[in-house]
Every structure is written in C-alpha cells, then in structure tokens.
Amino acid sequence: MPPIRDKFTIHSRAVVCQDVELKGDITIGPGTVVHPKATIFAIAGPIVIGSGCIIEEAAIIVNRRKEVMRVGDNNLFEIGCRVECPSVGNFNTISTRARVHHTVRITNYCVIGAACLVVPTDDETLDDYTSIFGPAAERRTWSGRGRIQEADLRLKHAEYLREMLPKFNRLRRGDGA
C-alpha cells in the first residue's frame, strides 16, 4: 500500500494551532478549533471534519479504514480522548480520556463520559441522544432537554477559543481553502 501523501485543507475561518500533529488527507471545516498538541491521523483513508468542532489538547482522531471518516458539526473532543470511529454525527461530546473504537458509529447528541471505553467487537451504531458513563460504560438515553442551551454554550466556547488561541499560539494554514 503506497503511503498517503499529507494534504491539509484548512478553512480560512478555522483555527488550527501550529503544533498540531496532522498526517494524511485531512479537511478541517469553518469555525473548527484545534488546540495545540492534538493529533489527527488519516492513516488509511481521509478525514473530513465539519464546522464548529472543538478538538482539545492531546485529543487523538485516527482513521484506519479506507473509507472517508466524517466528523459532523459542533462536536467537542475533550483532553486526551481517542476516537477511531468511521463516522461522528453532530453535537456530540467525547469526554476527557474516553476511547471510542473503530467498530462504533456515533450519530447525533451522544455523550461518551470521562475515561469510558467503547470497544464493541461487532460494528455498532449509537442511537441519537445516547449517553455512556461510569467505569462499566453504562448507557442511558438522554431526553434532549437543554440541548439548545448546550448548543449556545458550545457556540460561545468556540467563539472564545477562536479569539484567544491566536493570541498565544502560532497558527497553521492548509494547502487550500
């Protein structure tokens, strides 16, 4: 298998810090913020990240499949999480140190709790509003109450980061945009 050439398409309104580790064919959408020390590896196939996502320090996003890994809009990847799933919908939260295996597809409004391991042996798609929590990775379905307030808060969070990160970090530009 020939190695994938590095090709980064970073939207002009995205904020991607200089010391982010990028490998492979990666597209980052408008308004997305990638903190320093984050890692995004498109090993086998490309990764397309939507708009308004926040990828915090030490978060790792990896695509080991040949198909395109699609990450939707307004997702939050917290410090030290690792995500290898082929698709992530919109408005999801992957909490600190959580790990999501490549056999999982995440839909919309899902929350993977801090340090939870989601590693099913068979392919699985999480339903909308699924919350995974606790040391045993228990599951519940969220009613969706408060999702508008959460979306507004996430919007403000991203806005703040887009303003503050460039003041203290050098930014990276893509090949195109």
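User: Happy to look at this one with you! Which residues line the largest cavity?

Analyst: This is a predicted model, where local features need pLDDT of at least 70, side-chain atom pairs count only at pLDDT 80 or more, and totals for chains, interfaces and linings use all residues. Residues are numbered from 1 along each chain as its sequence is written, and side-chain values use heavy atoms, leaving out hydrogens and water. On a 1 Å grid over the protein atoms alone, a cavity is a set of points where a 1.4 Å probe fits but cannot get out, and lining residues have an atom within 4 Å of a point. The lining of the largest cavity is Phe91, Tyr109, Arg147, Glu150, Ala151 and Arg154.

User: Nice. What volume does the largest cavity have?

Analyst: The search of the whole structure finds one cavity of 30 Å³ or more. A volume is the space filled by probe spheres set on the grid points, which are joined across faces, edges and corners. For the largest cavity, that comes to about 40 Å³.

User: And what radius of gyration does the chain have?

Analyst: Good one! Taken over C-alpha atoms, the globule rule is 2.2 Å times the number of residues to the power 0.38. With 177 residues, a compact globule would therefore come out near 16 Å, and the chain agrees with its 15 Å.

User: Finally, what percentage of the residues count as buried?

Analyst: Buried means under 20% relative accessible area, with a 1.4 Å probe and protein chains only. Of the 177 residues of the chain, the buried share is 44%.

Conventions
1 Å grid on protein atoms, 1.4 Å probe; cavity = no way out; pocket = protein on both sides within 12 Å on 5 of 7 lines; lining within 4 Å. Buried < 20%, exposed > 50% of the residue type's maximum accessible area, 1.4 Å probe, protein only.
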